[in-house]
Amino acid sequence: MSIDIGTCDTFPKLLVHHARVRGALPAIREKDLGIWQTWTWQQFADEVRALACGLAAQGFKRGDHLALVGDNRPRIYAAMCAAQCLGGIPVPMYQDAAAAEMAFPIQNAEIAYAVAEDQEQVDKLLEILPQCPTLKHIYYDEPRGMRHYAQAQLASYDTLLELGRETRARDPEFLEVEIAKGSGGDTAAMFFTSGTTGTPKGVVLTHHALIDRAKVAADLEGLGERDVVLAYLPPAWIGQNVFSYAQPFVTGYCICCPESAETVMTDMREIGPTYYFAPPRVLEALLTQVSIRMEDASSLKRRLYKAFMGIAQRVGGALLDGKPVGIADRLLYRLGDLLVYGPLRNVLGMSRVRVAYTAGEAIGPDLFRFYRSIGINLKQLYGSTETSVFVCIQPDGQVKADTVGPAVPGVELKFTPQRELLIRSPGLFKEYYKNAQATAEAKDHEGWFHTGDAGYFDPDGHLKIIDRVKDVGKLVDGTLFAPKYLENKLKFFSYIKEAVAFGDGRDQVCAFINFDFEAVANWAEKRGIAYTGYTDLASREAVLSLVRECIERVNADLAEEPEIANSQIRRFLILHKELDADDGELTRTRKVRRAFIADRYRALLDALYGGKDSVHVEMQVKYEDGRTGMVAADLAIRDAKVYSPDAAKRAA
Amino acid sequence: MNRAQQIGDKILSVEGVSLAFGGVKALQEVSFDVREHEIRAIIGPNGAGKSSMLNVLNGVYHPQQGTIKLRANGAWKEFHDMDSHEAASLGIARTFQNIALFKGMTVLDNVMTGRNLKMRCSFLEQAIWVGRARREELEHRRAVEEVIDFLEIQHIRKTPVGKLPYGLQKRVELARALAAEPTLLLLDEPMSGMNLEEKQDMCRFVLDVNDHYGTTVVLIEHDMGVVMDISDRVVVLDYGRKIGDGTPEEVRANQAVIDAYLGVAH
């Protein structure tokens, strides 16, 4: 199924198109005062037109930037389109950003106009006003608490709308002419990348890039005007913006804005979206909630859940992929659907979900399979702000837990010798705003975008992202060594808390392991193993075997991937203490500092590669109260079984 | 202070009120007044008669002596003792020190009960729920939703009150009182048993209510920080007598008040 959008090459033209073709269908819903309020495409278009005329009357011109500060609200999206009608460029900003973080984008783009959701956002903008002298107009949507504000820059959204209606009544042709002036090559929006390192960069995207990618992905999934999406992530994030602005403008589907951040779960159940997006952490939080509630349920329910989830794990994914499944299992699954999976999907608000995406970070295979096993068509995709999101999507029936799928139509991918992924696509960004140097670094003269991600294609041609390219190394024999990829695979086991893999420039891969104390202590208690603490457990043969089994399962996985089969973990040891940010071993966001650890534990590393089977360690540790002490232990070093690629194939 | 409605004329005047339970003299000759749109605090050590005073104001207790004058709908009314039903219909709403909500009912239903006095339909009409009853309920529901939105409790709208943490229950109680659209709001220790963050939230809501709806607030509170920060004027009671009255600064400097709180050698 393909959507007909005629010759519309900008978002305002698409809006006019939808208002004409499906004017009476819902465009956007918002839960306000407990009731879902609906705006049809016609109403939405009228609002946008009036608002655009109001902005024009206030001096907003072609090429001006409009800052949008707020949560998912119909009026924020209306303002976005209104700016585009006049050839302006909306700049959505994170509503939970601190005031100081908002200063840079406003200074960078010399923004003069802003639409803010409420008093909270207005306060932030007023706070940075001294640093941002260009900011002259702030329009606020929610008037509550705004009565005493007398700043000359402030005006309410409603007065702007009123002004717009008046000017439009006087000159109804003006706006239609302005809309017609726009073309696909114009800048549609600018998104500031979070910029965890260095200053943020404004990514400039054109109408053509966004519309092209939105349409290709929508055609791939057969999205249409009857689909419904819940907009609950920040609109300043390209992912949300594509799902709640670009794609509905292309397909004509309806987006729903929840009442508040706390009500998302309930609102989702009420709406029943058909198209859903969630980063792994949201999916994980949902699953945790389900697990906790199941533990509190009656024993009959618990047993039913356990039995049927077993069946789902065995055949649920295969059924979703349309693979052959025996008749008995089919019947059992059908029964499970009636008793467990269906009600569970309903609780999650996913009863009507046809297509669900997850992206942003690596998702644990168990988490991923859980959703698929209960019949939710969860798939992974790959993309970024610079690529208008859609680069790779897993097609129905070819979903794997550890790839992001093949390139979507129109996208070309290739790798540098260093394994960095390069992308050429109609959805690529135009430039980084006022930053020619960064643009030149990211996009070469042939139009390839350098992602900084390292990866490769698996035998089916699916893209697999393994690490940031700067962290990827090579073994002596030339095999790719992606430490984060190995560590993540290990950390997906509940028993393993941290892992540090070594191998760059060496002949084999070895690893330090921290087990998850809570999980392993629980496991030990069930087996009647007495222990005094972490260090004691770390030296137990049973625990070593437990960890070895985890590593060997990872090795078996790796053996199936010819590109990195040789980077299986040969030897490991369990560290005598947990890695800690206070000792400088982890960053404050709990990322392992590999080089620091290699240096600090030089003796252990030498023992691993020196072929010894135990090593004595003595070292200083810092306690939380600032005191220091000595810890001494004998650590055992164990070998893990490795698999040859052929054996893995036979086993599979 | 920058606020929507400037503090106006007197709206309530308590004159020479005495209340005794047998030999226990809970209140003795207490007089004070409350001005329109102000936040008026009543403080005092334990057993000083604060809650008794509030109970007199909305007609739960009947004082043996004294009068209460209330300005409602532009006219002064004088009472020897208030009837609680009449107090409610004159625009006085309150919350309780020990939460008095219907634990098994949802937040929404609890707040709806705050609209009880404004409902005009008969029992029978409501049972059939046609015509007037239906229109009326929709109207009240809208008013209730405004309050729910104002106090930011949308996410617990359908949750039974008994399942909520204490701080939220307190907020629901405030919501129920607000649903009655009071002109005078009596709050009996709205912040007791709360942690710092909950207290800050509650202070903000009390100030917002006062500012947005222009509601006059009389509150009892033990947390001196809260009282001194948010109230316009403070009455201090000790052993049923008024020992101080004035702005927070005046009260803070009042020797009788300091003695009552810190104790004094006799």
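**Exercise 1. How many residues has helix H3 (residues 74-85) of chain A, and how far does it reach from its first C-alpha to its last?**

This is a predicted model. Work through the helix in steps.

- Step 1: H3(A) has 12 residues.
- Step 2: From first C-alpha to last, H3(A) reaches 16 Å.
- Step 3: Compare with the span expected at 1.5 Å a residue, which is 16 Å; the helix comes close to that.
- Step 4: Check the surroundings. Of the 12 residues in H3(A), 12 are buried, so the helix is mostly covered, given that a residue is buried if 20 or more other C-beta atoms lie within 10 Å of its own.
- Step 5: Name some. Among the buried residues are Pro74(A), Arg75(A), Tyr77(A), Met80(A) and Cys85(A).
- Step 6: Look past the end. Gly87(A) follows H3(A), and its phi is positive, near 80°.

**Exercise 2. Why does the distance between the end C-alpha atoms of helix H19 (residues 541-559) of chain A agree with its number of residues?**

- Step 1: H19(A) has 19 residues, which at 1.5 Å a residue should span 27 Å.
- Step 2: The end C-alpha atoms are 26 Å apart, so the two values agree.
- Step 3: Find buried positions. Val543(A), Leu544(A), Leu546(A) and Val547(A) are among them. Others include Cys550(A), Ile551(A), Val554(A) and Leu558(A).
- Step 4: Recall a rule for reading such a list. An α-helix has 3.6 residues a turn, so residues three or four places apart point the same way.

**Exercise 3. Describe the overall build of chain B.**

- Step 1: Count the elements. Chain B has 10 helices and 10 strands.
- Step 2: Box the chain. Its C-alpha atoms fill roughly 70 × 40 × 40 Å along the principal axes.
- Step 3: Check burial. Of the 266 residues, 37% count as buried.

**Exercise 4. Into which domains is chain B divided, and where do their residues lie?**

- Step 1: Domain 1 takes 1-91 + 182-192 + 214-266, and domain 2 takes 100-181.
- Step 2: The domain centres, taken over C-alpha atoms, are separated by 28 Å.
- Step 3: Five residues from domain 1 of chain B and six residues from domain 2 of chain B make the contact.
- Step 4: Sort the domain 1 side: four nonpolar, one polar and no charged residues.

**Exercise 5. Where in chain B is confidence lowest, and where highest?**

- Step 1: Start with the average. Chain B has a mean pLDDT of 89, and 97% of the residues score at least 70.
- Step 2: Confidence is lowest in helix H4 (residues 123-128) of chain B, at a mean of 80.
- Step 3: Confidence is highest in helix H3 (residues 107-113) of chain B, at 95.
- Step 4: For the complex, the predictor gives an ipTM of 0.78 and a pTM of 0.84.

Note on methods
Residues numbered from 1 in each chain as written. Chains lettered and ligands numbered in written order. Predicted model: local features only at pLDDT ≥ 70, side-chain atom pairs only at ≥ 80, totals over all residues. pLDDT = per-residue confidence, 0-100. Helix = DSSP H or I, 4+ residues; strand = E, 2+ residues; numbered from the N terminus. Expected span 1.5 Å × (residues − 1). Domains from an automatic or database assignment. Contact = placed C-beta atoms within 7 Å. Nonpolar A, V, L, I, M, F, W, Y, C, P; charged D, E, K, R; others polar.
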